[in-house]
Amino acid sequence: MTTAFPQSFPHTRLRRLRRAPWIRQLSAENSLTPADLIWSAVVHDGEEPKIPVGSMPGFHRLNVAEAAKAAKRARDLGIPAIAIFPHINPARKDETGREALNPNGLVPDAIRAMKDAAPEVGIICDVALDPYTSHGHDGVIDETGYVLNDETTELLVAQAVEQARAGADIVAPSDMMDGRVGAIREALESEGHRNTMILSYAAKYASGFYGPYRDAIGSATALKGDKKTYQQNPANSDEALREVAMDIAEGADMVMVKPGLPYLDIIRRVSETFAIPTIAFQVSGEYAQIRAAGDQGWIDGERVMMEALMSFKRAGASGIITYFAEQAAELLNA
Ligand code: PBG
């Protein structure tokens with residue numbers, strides 16, 4: 001019987017390729033560089049430059065001036081893009097998340113400040129209403145608490161257009177409403193934002209790994225119930241391919257799989273099935289686990305961070321959104 005990989009010991013000794021750093025480097029199948037990273041940043045509209053986030057040790061919410069500095073820092077480190085997420089003053093939240101459409105709101109302000117500071121760095125904006133709604137859902141709800149698809153999409157379109165007007169390079173709908181990518185694309189085209197890209201959170205799961213993020217943006221206490229009627233069931237894999245196919249057909253330039261590490265199989269399937277850049281999101285709960293265990297000395301935090309980031313590349317991701325971007329880039333540049 002012939003196999004594709006004849007293994008005849010001792011002629012074949014796989015450990016030869018592992019014997020020294022130089023040969024391990026030469027035979028590496030994948031690599032990780034700062035250019036693979038997207039810096040995930042949370043911005044707030046207060047005076048304080050940096051506010052620690054309890055459930056994300058070492059991570060801070062930044063005010064607009066600090067966000068502008070982060071953009072410069074990203075440029076200096078070779079990180080190509082920053083994804084911004086807003087922590088909205090609770091006084092500005094309401095049932096329908098109207099603040100999301102404010103052309104002079106926190107996100108448009110942050111985009112302008114960051115673009116001003118470092119125009120070479122790509123700015124990615126989350127399109128979803130959860131930072132802005134009093135109930136913490138990603139869209140508008142009916143009297144039963146159900147998130148309304150088409151009504152929500154109309155608001156998302158307006159939100160995305162405001163982000164594009166403020167100078168966002170990429171709008172990234174993370175809400176999981178059906179049809180929103182096509183609707184956003186149409187609106188961007190009709191307003192002349194032809195080169196504004198769409199990175200769709202195409203395969204986004206209803207996940208417990210988002211817990212610390214809701215703390216970071218201040219939606220944790222607001223959120224009643226869960227997001228299972230719009231985000232995907234963690235039991236499913238084929239469904240992710242349908243989601244991605246649909247978003248590509250509607251005009252997505254890039255697609256995302258989220259969370260990251262527990263869904264490496266999905267990253268692999270998506271990146272193999274579709275010829276489109278596939279971004280992994282290493283979410284807040286993944287950050288918190290690695291960081292907290294590292295801080296305790298239970299694992300080597302830096303090593304595990306790098307190993308997890310490399311695993312996304314191995315699975316086929318072309319980029320990784322991560323709260324570790326700055327730290328990882330510093331290590332990679334060292
Ligand atoms: C909201 C949004 C979420 C994240 C990014 N955009 C949370 C959610 O869907 O509840 C999660 C990010 C993270 O956990 O790091 N639309």
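Which side chain has an N or O atom 2.9 Å from a nitrogen atom of the ligand? In this predicted model, the side chain in question belongs to Asp138. One belongs to Arg214, at 2.6 Å from an oxygen atom of the ligand, and another belongs to Tyr323, for which the distance to a ligand oxygen atom is 2.6 Å. On its own, the ligand has 400 Å² of accessible area, and the protein covers 100% of it. The ligand is surrounded by 16 residues, of which Lys204, Arg214, Lys227, Lys258 and Tyr323 are the closest.

Two of these lysines are also placed over aromatic rings. Lys204 has its charged end over the ring of Tyr210, at 5.4 Å from the ring centre. Lys258 lies over the face of Phe281, and here the distance to the ring centre is 4.8 Å.

Aromatic rings were next examined in relation to one another. Rings were taken as paired if their centres lie within 6.5 Å. By this rule, nine aromatic pairs are found. One of them is formed by Tyr205 and Tyr263, which are stacked, with 4.3 Å from centre to centre and 20 degrees between the planes. Tyr205 belongs to the loop between strand 7 (197–204) and helix 6 (211–217), while Tyr263 belongs to the loop between strand 8 (254–258) and helix 8 (264–273); the pair therefore ties together parts that are 58 residues apart in sequence. Tyr205 and Tyr263 are both buried.

An edge-to-face arrangement is seen for Tyr287 and Tyr323, whose ring centres are 6.0 Å apart and whose planes are 65 degrees apart. Because Tyr287 lies in helix 9 (residues 284–296) and Tyr323 in the loop between strand 10 (319–322) and helix 11 (325–333), this pair ties together parts that are 36 residues apart in sequence. Both Tyr287 and Tyr323 are buried. These two tyrosines also belong to a cluster linked by ring pairs, together with Phe59, Phe85, Tyr201, Tyr213, Phe281 and Phe324.

Strand 6 (residues 170–173) is covered on both faces. Ile170 and Ala172 are buried on one side, and Val171 and Pro173 are buried on the other. Strand 6 runs parallel to strand 5 (residues 122–127), and four bridges join the two. Within this pairing, Pro173 of strand 6 has Val127 opposite.

How values were computed
Residues are numbered from 1 along each chain as its sequence is written. This is a predicted model: local features need pLDDT of at least 70, side-chain atom pairs count only at pLDDT 80 or more; totals for chains, interfaces and linings use all residues. Side-chain values use heavy atoms; hydrogens and water are left out. Rings of Phe, Tyr and Trp (its six-membered ring) pair if their centres lie within 6.5 Å; planes under 30 degrees apart count as stacked, over 60 as edge-to-face and the rest as tilted. Buried means under 20% relative accessible area, exposed over 50%, partly exposed in between (1.4 Å probe, protein chains only). A charge sits over a ring if NZ of Lys or CZ of Arg is within 6 Å of the ring centre and within 35 degrees of the ring normal. A residue is near a molecule or strand if one of its heavy atoms lies within 4 Å of it. A polar contact is a pair of N or O atoms within 3.5 Å; within protein, one must be able to donate a hydrogen and the other to accept it, and residues adjacent in sequence count only if both atoms are side-chain atoms. Accessible areas come from the Shrake-Rupley method with a 1.4 Å probe; for residues, only the protein chains shown count as cover. Two strands pair if DSSP finds at least two bridges between them.
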